[in-house]
Structures are given as C-alpha cells and as structure tokens.
Amino acid sequence: MLYCLTQQPKLIRSEWISPDWFDYKPYQTLVKYLNDVGGELDYIQLRDGFTKAYPGVMSREDWEPILTADVTVGNFSSWVKVIRNDFYRKRAQESAFDFANDPSDEKFHSMLITAQDAISNDSSDTEVTMDELVQDMHERLTEGKLDVGIKTYAPIDKLFGDGLMPGRLITIGARPAVGKSAFAINLVLEAFKRQPDVTIDVFSLEMTNRQNYQRLVASITGIPSSKLVNPMIDLSDAEMKKVEEAGQTLRSYDLRLWDKQLKLQQIVKVLRQRAATAKHGYLAIVDYLGLIEVPGQPDRRLQIEEVTRQFKLLTNELDVPIIMLSQLSRGIESRNDKKPMLSDLRESGSIEQDSNAVGFLWNSDRSNEKSDVRSVTLTIAKNREGALGDVNFNFFANKLQFRVAYLT
Ligand SMILES: Nc1ncnc2c1ncn2[C@@H]1O[C@H](COP(=O)(O)OP(=O)(O)OP(=O)(O)O)[C@@H](O)[C@H]1O
C-alpha cells in the first residue's frame, strides 16, 4: 500500500487511510504526512517534503521495502482493505485476550465494541460482483429504476440531484448559534411533509429530547419556543389546541429522537437496526460530530476520523443518507469574509474527505444576525455528485423556522 502511495501520492485522496493502522512509527508518520499534504505532489516532492518535515524519521532501510515493492498500483484499494481489516481484527483479538485475562464489565464492553468494529470494517462479504452491477444498470435502463433521494427544500433537492440521495454522507457545518440544530429540525419536518412514510432518526448529543420536541412543535405551529417551556402558563387556549394538533402530526411520523446515545457504537447500532426496518426510505441526522464519544481513543483528531469513516461506511453499507452536523473553527470570526470555507472544518481532514457533500450555514447578512428574522445561507462547498451553490433562507429564530428566501 505504501508503495502505491509513494508512486502516486494523490491516491491518498481516494481512500481514508489512518496512520493508526501501522505499528511502525516511521510509517505512521509517513501516512500522517500524506494525509496532511493531501497528495498534491509527485514522488520526488514527497520524499523531499517528508524528509524536510520529519528529518531523520525514515531511514534508508525504512524506504527500501516501500520503494522496491513489486505490486500493481491498480490494486491499491485491495491493499487498503487488507490492511484495514488486519488492523481491526488485531484490535478485536487484543481486547478478547484482555477480557479473557480480566472478565470485567468494562473489558466485556470494549471487546464487544472492537468486535463490532471489525465486523463493520470487514468488507469482504459486502462486495458487489460485476454481475450485480450489470444487472443494476440493466434495471435502470429497462425499467427506469430510479435512485430516489429524500426531498426536503426544493433548492436543496436540486443541488443534490434529487434530494438526499442514498449512500451519501452530508456534513453541515456552522459556528455556534447560527442555527444548525434548528435547521436539522426543519429538514426533518420538510422531509415528512413530502414523504410522510419516511423513517428518520435524530441523534442529539447537545439537547434533550424534550427540548427538541419543543423546537419541532414551535416550528410546526409558529408558536415561540420560549412559550413552550411552561405551556400551561404561557399559552392561550387556541395555542394549546395547536400544540395538541402538532403532537398528533408528530405521532403519525416514524420519527425517533435520541438523546442518550452518545457513543459512536451506540449510534451505529441504532442506525443499523432502524435503517434495516425502514420500508420507505431512511435518514439519520447526528447533532453533532464533535460530541460523539469514541471509547478507547484518547486522541481527538483520531476520534473524529473514526466517526466520519464509520458513518461513510454505513451510508454505503445501508444505502442511506446520513447528515452529520459539525462545528466550525473559531478562525472565521477573525476574517472579514464570514463565508465559511472547507479549511474551517479544522478538527480533521477526514470530515471533508469522507463526506460526499459539505454545506455551511452562516449569517449572510450581519445586520440582522441577532434579529428575530435572520438571513442564513446554506453554502454547498463540496458536492462530489452535483453542483456547488448557495441556498438563502430566512430564519425565524423564535419560532425555529427556516424558510427559503426566494429572490423577488
Ligand atoms: N425562543 C427563541 N427566541 C429567540 N431566539 C431563539 C429561540 N430559541 C433559539 N433561538 C436562537 O436560535 C439560534 C439557533 O440555535 P441553535 O441551537 O439551533 O444553533 P446551533 O447553530 O445549533 O448552535 P449550538 O451549536 O450553539 O447549539 C440561536 O442563535 C438562538 O439564540
């Protein structure tokens, strides 16, 4: 795998490769360097650049086996799979030994997690054969079989081709208080308006289910969410009736709110079960990435890498879209231009790499960013399968409603 990467460093962009997969420190460092520079260099620049950045880390003996490997670069993906599987199997094996030596609850839990990791990373039994691909294309040609996405706001559907398409990991980033949690709730409601039978899960690591429920009701009824905190005192009879009706509407949806699933593997487990039983499309929204716990991994950046990689694998395995919310770095605050950029996803390069699409929510009119009605723009900054562009919204902050701001 390292031979392929040194021959064609840009391959690093085609697969996520974690430095962790290597026991040997110099190779870990080499992979880290490749991830950092993003592969935009040739073989000579790679060696020179690496030696400059990490003098003395790789000896001639370290380079030797990499440079003289006799493999075909075209088999790169297969090597990646072998090495990834080895890594996860080895980790599972270690924690099984660990549990055998000390059968505590904690060790048992960590054995289950590593075993589950190993299973979800073992791609050997989920590979699609050429026959299946041919058949799939044949059905599209002859029966007009369509890949249908979940529709939400019309301009968003258009940018993503045909809604939130299966197999896509979509990241929506924003600075705190711009309204990303509120936007997520609105996406849910728009999706149900258009597809009442769809199944949606919202994993909220920041807000309780009750708070999210109040936001859903505020958005449906247009009643300020602050009045829903003590509804008996603050609501008129007519408003109470509206709240009850909103409850009936919400009850009719296959919507689940989760506020206690904080660990990555808990989320993955729920997501797998619910996606498997969803009959009319499935969408998961995770609010937000930075709060997901990854037990056993102390390094923050590696935690994020683990999360984005797992979600990306799940979108492919289950053929569903997943929306992952993410906070942007503080850097934007000091810039004149407040429009976020991909480099603001600074927690890890894996967010951008693993996402099929990245959108940013931001206050596009600073004069009203604290008002009741705010101009909030969704900027699609990466879209592997479609166009880039902006969608402008009016955000009615007290009612937690997002409405598309069509130009008049
Ligand atoms: N009842 C309300 N009245 C007025 N404004 C409100 C009300 N409830 C929420 N807001 C505003 O809506 C905005 C969006 O909140 P939201 O929690 O969705 O933001 P966020 O981007 O997810 O931020 P964070 O990451 O801090 O949660 C905030 O600026 C908040 O002040």
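This is a predicted model: local features need pLDDT of at least 70, side-chain atom pairs count only at pLDDT 80 or more; totals for chains, interfaces and linings use all residues.
**View 1. The largest nonpolar core has 51 residues, and Phe 183 and Leu 255 make the most contacts inside it.** A nonpolar core here is a set of buried Ala, Val, Leu, Ile, Met, Phe, Trp, Tyr and Cys residues joined through side-chain atoms within 4.5 Å; buried means under 20% relative accessible area, exposed over 50%, partly exposed in between (1.4 Å probe, protein chains only). Residues are numbered from 1 along each chain as its sequence is written, and side-chain values use heavy atoms, leaving out hydrogens and water.

**View 2. Here are the contacts of Leu 255.** Skipping neighbours within four places in sequence, Leu 255 is in contact (heavy atoms within 4.5 Å) with Val 188, Phe 192, Ile 200, Val 202, Leu 216, Leu 250 and Arg 274.

**View 3. Helix α2 (residues 25-37) packs against helix α3 (residues 43-53).** Helices are DSSP runs (H or I, at least four residues), and strands are too (E, at least two), numbered from the N terminus. The angle is about 110°, with the axes 11 Å apart, so the two helices are roughly perpendicular (65 to 115 degrees). Among the residues that meet are Tyr 33 in α2 and Phe 50 in α3.

**View 4. Thr 379 is found in strand β7 (residues 373-383).** Thr 379 is buried, with a relative accessible area of 6%. Beyond neighbours within four places in sequence, its contacts include Lys 339, Phe 360 and Asp 390.

Definitions and conventions. Axes are lines fitted to C-alpha atoms, for helices over the stretch in contact, and angles run from 0 to 180 degrees between N-to-C directions. Angles under 35 degrees count as roughly parallel, over 145 as roughly antiparallel, 65 to 115 as roughly perpendicular and the rest as oblique.
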